[in-house]
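Please read the points below with the sequence and the model side by side. They go from single residues to the chain as a whole.

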Amino acid sequence: MTTSYSNSDSQYNQYSQPQQPAQQPANNRWDVPTSEERTWAIFAHLSAVVATIISVGWLNFLGPLVIWLIKKDSSPYVRRAAAQSFNFNLGMWLMSVVGWILVFTLILAPVGLILFAVSFILTLWHHIRAALAASRDQLYSYPWQIKILS
């Protein structure tokens, strides 16, 4: 059975409910971050690299966590960028901790040094890629995340 509508019924769907026009955001854009949001997202990604270098890998998750706490309620774009950065850094932090523990066992020191180096290289690689993606208004999905923040 087909249903036909006259021009006067075009505002109603097949269940006779009025169709609502889609609500557009105030800035007339869909999912495109503002320049301030883009800057905060870049900071969320690069703060982990800075913290990794300053703290020798011990506090690499702190920068994204602070940005997530500041911006989580005001910008979904920044919240997602900071949460993903934090979740990825938590995994890299655990890898660093395991690496340091293995270094102190002496027998497994070479494995520990390799884990520590891999953690540092992966942190640099993925955060630089994420910051570049954020500068192009794109979201970056990190691999190996321990999903705590969203």
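1. The side chain of Ser 119 reaches the backbone oxygen of Met 92 at 3.0 Å. A second polar contact, also of 3.0 Å, joins the side chain of Ser 119 to that of Ser 96. Here a polar contact is a pair of N or O atoms within 3.5 Å; within protein, one must be able to donate a hydrogen and the other to accept it, and residues adjacent in sequence count only if both atoms are side-chain atoms. Ser 119 lies in helix α4, residues 109–135. Helices (H or I, at least four residues) and strands (E, at least two) are DSSP runs, numbered from the N terminus.

2. Is Ser 119 buried or exposed? Ser 119 is buried, because its relative accessible area is 2%; buried means under 20%, exposed over 50%, and partly exposed in between, with a 1.4 Å probe and protein chains only. Leaving out residues up to four places away in sequence, Ser 119 touches Met 92, Met 95 and Ser 96, where a contact means heavy atoms within 4.5 Å.

3. This is a predicted model: local features need pLDDT of at least 70, side-chain atom pairs count only at pLDDT 80 or more, and totals for chains, interfaces and linings use all residues. Residues are numbered from 1 along each chain as its sequence is written, and side-chain values use heavy atoms, with hydrogens and water left out.

4. Asn 89 sits in helix α3, residues 76–104. Its relative accessible area is 0%, so Asn 89 counts as buried. The side chains of Asn 89 and His 127 are joined by a polar contact of 2.9 Å. Not counting residues up to four places away in sequence, Asn 89 touches Ala 48, Asn 60, Phe 61, Pro 64, Thr 123 and His 127.

5. Trp 144 is in the segment after α4. Trp 144 is classed as exposed because its relative accessibility is 54%. Even so, Trp 144 touches Asn 87, Phe 88, Met 92, Leu 122 and His 126, with residues up to four places away in sequence not counted. Met 92, whose backbone oxygen is reached by Ser 119, is 52 residues from Trp 144 along the chain, and their C-alpha atoms are separated by 8.6 Å.

6. How many salt bridges does the count come to? The count is 2, a salt bridge being a side-chain nitrogen of Lys or Arg within 4 Å of a carboxyl oxygen of Asp or Glu. Side chains of opposite charge can pair when their charged atoms come close.

7. Glu 36 forms a salt bridge with Lys 71, and their closest N and O atoms are 3.7 Å apart. This pair links distant parts of the chain, with Glu 36 in helix α1 and Lys 71 in helix α2, 35 residues apart. Glu 36 is partly exposed because its relative accessible area is 47%, whereas Lys 71, at 13%, is buried.

8. Arg 38 forms a salt bridge with Asp 137, with the closest N and O atoms 2.5 Å apart. Distant parts of the chain are linked here too: Arg 38 is in helix α1 and Asp 137 in the segment after α4, 99 residues apart. Arg 38 is partly exposed, with a relative accessible area of 22%, and Asp 137 is partly exposed at 30%.

9. Val 56, Trp 58, Leu 59, Leu 62, Val 66 and Ile 70 form a nonpolar patch on the surface, with about 520 Å² of accessible area together. Patches are made of residues with over 30% relative accessible area and no salt bridge; like charges are joined within 9 Å, and nonpolar side chains (Val, Leu, Ile, Met, Phe, Trp, Tyr) within 5 Å. Accessible areas come from the Shrake-Rupley method with a 1.4 Å probe; for residues, only the protein chains shown count as cover. Trp 58 is in the loop between α1 (35–55) and α2 (62–71), and counts as partly exposed because its relative accessibility is 39%.

10. The chain has 4 helices and 0 strands. Buried residues make up 36% of its 150 residues.

11. The chain averages a pLDDT of 82, and 79% of the residues score at least 70; pLDDT is the predictor's confidence in each residue, from 0 to 100. Over residues 1–13 the pLDDT stays under 50, and over residues 18–30 it is below 50. Where pLDDT is low, the predicted coordinates should not be read in detail.
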